[in-house]
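Thanks for coming. I'll walk through one model today, so please have it open on your screens.

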Amino acid sequence: MIAFPDHKTLDFVAVGRLCIDLNANEINRPMEETVTFTKYVGGSPANICIGMARLGLRTGFVGKVSDDQMGRFIHKYLEDCSIDTSGVTTDDTGAVTGLAFTEIKSPTDCSILMYRDNVADLLLEPREVREELIANTRLLLISGTALAQSPSREAVFQALSYARKHGAVVAFDLDYRPYTWSSEEETATYYNLAAESCDIIIGTREEFDMMERYEDNPGHEDGVTAAKWFDYRAKLVVIKHGKAGSIAYTRDGGSHRTGSYRAEVVKTFGAGDSYAAGFLYGLMQGWSVEQSMQYGSAAAAIVVSSHSCSDAMPTAAAVDAYMAANTLHEQS
């Protein structure tokens, strides 16, 4: 249902946040009692890009890292994943890498403590977005966090302009993090402006509610939300409802829902990123929306069963094996 361009040297390019996840080693306790953490590459667009690379796609990244040990750690990790880093620049102003400390009180009670002051990823400039990289990809993914401040905000819109110029499909992972924004009004304005240029929009019900603060949808109806974006470029709108599952709406008026896989949950974060990677991968294989959603659900189940996010992103063989060994539980 979505026609991805052929004859491109890359399948997927993401733009946005590159940071460090510090995941608690002492799980099932509050952060006040946690003393050791394990370091991973993090950031939703980075995780999704790593996920796509693990699934076997040719990938690239557009972003900015700090000129220090953390920045070099991120850069090397991306290269080790065979991700094209020609679009990753290094800051020269003394900015730092964003840090995300995770708290795992229980498999269902998890939280993230973010440090986002003077971070390098938000200093990506429009002139640093390489047109050639985006011209050569089939699918571009943008993430909401990169819209929070200038010049990163303008860099995202520059990437969108290049994608439209060269015929790339654009996916928007809403990835709303309120602590990076000045106001709810600013957030809604820029999210809506970016979404108007996107073919696939993926977010939670709460994220779409944030975007609709100026609109008449008092019942928070998914169908009303999706219909708005079909008046623009969107061909597919995915609205996630946590444990209740996700619904994918298509431009032809269809809606699609699949079940989920039960998992031995260690933590809840990372599920959305792995779901997005599996889902988008399925679409790029030409699978149906339902098949792609099932694949995303399996990838998410694998990641929430692990301590990490980026390191746990599964290969296609791992997802296939998981689906063969586990039952998909239909949503009511």
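In which segment is His7 found? His7 sits in the segment before β1; helices here are DSSP runs of H or I with at least four residues, strands are runs of E with at least two, and both are numbered from the N terminus. Before going on, the ground rules: this is a predicted model, where local features need pLDDT of at least 70 and side-chain atom pairs count only at pLDDT 80 or more, while totals for chains, interfaces and linings use all residues. Residues are numbered from 1 along each chain as its sequence is written, and side-chain values use heavy atoms, with hydrogens and water left out.

Back to His7. Its phi is near 60°, a positive value in a residue other than glycine. Most residues other than glycine have a negative phi, and most peptide bonds are trans. His7 has a relative accessible area of 84% and is exposed. The cut-offs are under 20% for buried and over 50% for exposed, with partly exposed in between, using a 1.4 Å probe and protein chains only.

Asp175 also has a positive phi, near 45°. It is found in the loop between β9 (169–173) and α5 (184–195). Is Asp175 buried or exposed? With a relative accessible area of 5%, Asp175 is buried.

One more backbone point: Ser150 and Pro151 are joined by a cis peptide bond, with omega about 5°. Pro151 lies in the loop between β8 and α4 (152–166).

Now the sheet. It is open, has 9 strands with mixed pairing, and runs in the order β5-β4-β1-β8-β9-β10-β11-β12-β13; two strands pair if DSSP finds at least two bridges between them. At the edges are β5 (84–90) and β13 (255–257), each pairing on one side only. Ignoring direction, neighbouring strands are turned by 15° against each other on average. Helix α2 (residues 69–80) packs on the sheet and touches β4 (59–65) and β5, where contact means heavy atoms within 4.5 Å. The direction of α2 makes about 170° with that of β5; axes are lines fitted to C-alpha atoms, for helices over the stretch in contact, and angles run from 0 to 180 degrees between N-to-C directions.

Inside the sheet, β1 (residues 10–15) and β8 (residues 137–143) pair in the parallel sense over 4 bridges. Ala14 has Leu141 as its bridge partner in β8.

Next, helix α1 (residues 44–54). Of its 11 residues, 10 are buried, so α1 is largely enclosed by the rest of the structure. Among the buried ones are Ile48, Cys49 and Met52. After α1 comes Gly56, with a positive phi near 105°.

Met52 takes us to the largest nonpolar core, which has 59 residues; Met52 is among those with the most contacts inside it, as are Phe12 and Leu236. Such a core is a set of buried Ala, Val, Leu, Ile, Met, Phe, Trp, Tyr and Cys residues joined through side-chain atoms within 4.5 Å. Helix α9 (residues 289–304) gives the most to this core, with 9 residues. A second, separate core of 40 residues includes Ala148, Met210, Ile239 and Tyr249.

Last, Thr250, in strand β12 (residues 246–250). Its relative accessibility is 5%, so Thr250 counts as buried. Not counting residues up to four places away in sequence, Thr250 touches Met1, Phe230, Lys235, Leu236, His256 and Val289.
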